[in-house]
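I opened the file to see how the chains are built and how they meet. My notes follow in the order in which I looked things up.

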Amino acid sequence: MTGINLVPIHAYLVVSVLLFAIGLVGVFSRRNAIAVLLGIELMLNAANINFVAFWRYGGGVQMEGQVFAVAVITVAAAEAAIALAIVLNVFRRFKTINIDQINLMKG
Amino acid sequence: MTATLGQYLHSGAFWYLFAFVCFAAGVLIPGLLVVLSRNLLHAALWLLPCLASVAGLFLLLGAEMLAAIQILVYCGGIVVLILFAIMLTQGLGHADVRVTNQQLFWGSVGAAALAGVMLHLLSLQMWPLGTPTIPGDVTGRLADALLSPYLLAFEVASVVLLVAMIGAIVIARAEPE
């Protein structure tokens, strides 16, 4: 880990910002509900890169950054399970998962 | 010149930089393809190299445990779950006629504006960061942190997972006719 001084923290943060923006485009623009979920996963990963980068460049002694990253991964797993169950249920009822065609509050 | 270049190549610093560039490209290019692929199945499969490269960035930062968790949970769990959902809803290779909604332009503009603002804030160099030390036994300290000061968060996370599992079973269950 001697080479870590070569890469400033800003490099990691730039990667994180760009990944977040890519995920945001996906959430804004896709019609398919599962594709929106993919965008959300990208945004969560961008947040995780930030947490771990600040943990490391903040000295690496206090472990809050990694604990937060573990919590984010846990919540992402739970969210994916619930969201995909909802997607299956919606598909069963509406025969589509394009979110601009699902506009009934009560099917 | 060649001697210094050789020393540079052998110092390990070059390879650290090289690995960082590879992993950064491995995050961003598949990330773009996730968002832009017309076929949803391809988009979900492009998520795989993207998440694996994020695990590589974690390794470069010295968080080995998180890299392992990333591979196991994201690449092994969430991507497979998403692939199952895609197969169950629209099947193989059936590309939609129109994969984006009307907000593609303004959504891209908004995301680019947000990225521009954040990059501008980054360029202001607001973080006076010392030289990073070698963290030593990272995984052991992560375990200590999870089981003593953050024990409550750890237990709440397990309850969240249990509730999500039961909730997913209940929601996705076939309705009694």
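**Entry 1: chain A**

I began with the contacts inside chain A. Taking pairs at least 6 apart in sequence, I found that 46% of the contacts join residues at least 24 apart. I note here that the model is a predicted one.

I then looked up the secondary structure, and chain A has three helices and zero strands. Along the sequence the pattern reads α-α-α. Is chain A a compact globule or more spread out? Its radius of gyration is 18 Å, well over the 13 Å from the globule rule for 107 residues, so chain A is more spread out than a compact globule. I also noted the box that holds its C-alpha atoms, which is roughly 60 × 25 × 20 Å along the principal axes. Of the 107 residues in chain A, 56% are buried.

**Entry 2: chain B**

I noted seven helices and zero strands, in the order α-α-α-α-α-α-α. Chain B has 177 residues, and 24% of them are buried. For contacts between residues at least 6 apart in sequence, the share that joins residues at least 24 apart is 57% in chain B.

**Entry 3: where the chains meet**

**Entry 4: the largest nonpolar core**

I next listed the largest nonpolar core, which has 75 residues. The members that touch the most other members are I34(A), L38(A), V52(A) and I82(B). From chain A, α1, α2 and α3 each supply at least two residues of this core. The largest share is that of α2(A), at 14 residues.

I looked up V52(A) by itself, leaving out residues up to four places away in sequence. In chain A, V52(A) touches G65(A), Q66(A) and A69(A). Across in chain B, V52(A) touches F58(B), L61(B), A63(B) and L66(B).

**Entry 5: α2 and α3 of chain B**

I checked α2(B) for length. The helix has 24 residues and runs 35 Å from first C-alpha to last, close to the 34 Å expected at 1.5 Å a residue. Its buried residues are F20(B), F23(B), A24(B), V27(B), P30(B), G31(B), V34(B) and V35(B). What do the buried residues of α2(B) pack against? I noted α1 and α2 of chain A, together with α3 of chain B.

The next helix, α3(B), has 22 residues and reaches 32 Å from end to end by C-alpha, close to the expected 32 Å. Just after α3(B), G62(B) takes a positive phi of about 95 degrees.

**Entry 6: two single residues**

I picked A44(B), which sits in helix α3 of chain B. A44(B) has 25 other C-beta atoms within 10 Å and is buried, because the cut-off for that is 20 or more. Beyond its neighbours within four places in sequence, A44(B) contacts L38(A), V79(B), I82(B), L83(B) and I86(B). L38(A) and I82(B) are already in my notes, among the core members that touch the most others. I also took the C-alpha distance from A44(B) to F23(B), which is 19 Å at 21 residues apart in sequence.

My other pick was G140(B), in helix α6 of chain B. Is G140(B) buried or exposed? It is exposed, with 10 other C-beta atoms within 10 Å. G140(B) and M65(B) are 75 residues apart in sequence, and I noted 9.5 Å between their C-alpha atoms.

How values were computed:
Residues are numbered from 1 along each chain as its sequence is written. Chains are lettered from A and ligands numbered from 1 in the order in which they are written. This is a predicted model: local features need pLDDT of at least 70, side-chain atom pairs count only at pLDDT 80 or more; totals for chains, interfaces and linings use all residues. Helices (H or I, at least four residues) and strands (E, at least two) are DSSP runs, numbered from the N terminus. A residue is buried if 20 or more other C-beta atoms lie within 10 Å of its own, exposed if 12 or fewer, and partly exposed in between; C-beta atoms are placed from the backbone. Two residues are in contact if their C-beta atoms, placed from the backbone, lie within 7 Å. A nonpolar core is a set of buried Ala, Val, Leu, Ile, Met, Phe, Trp, Tyr and Cys residues joined through C-beta atoms within 7 Å. The expected span of a helix is 1.5 Å times one less than its number of residues. The radius of gyration is taken over C-alpha atoms; the globule rule is 2.2 Å times the number of residues to the power 0.38.
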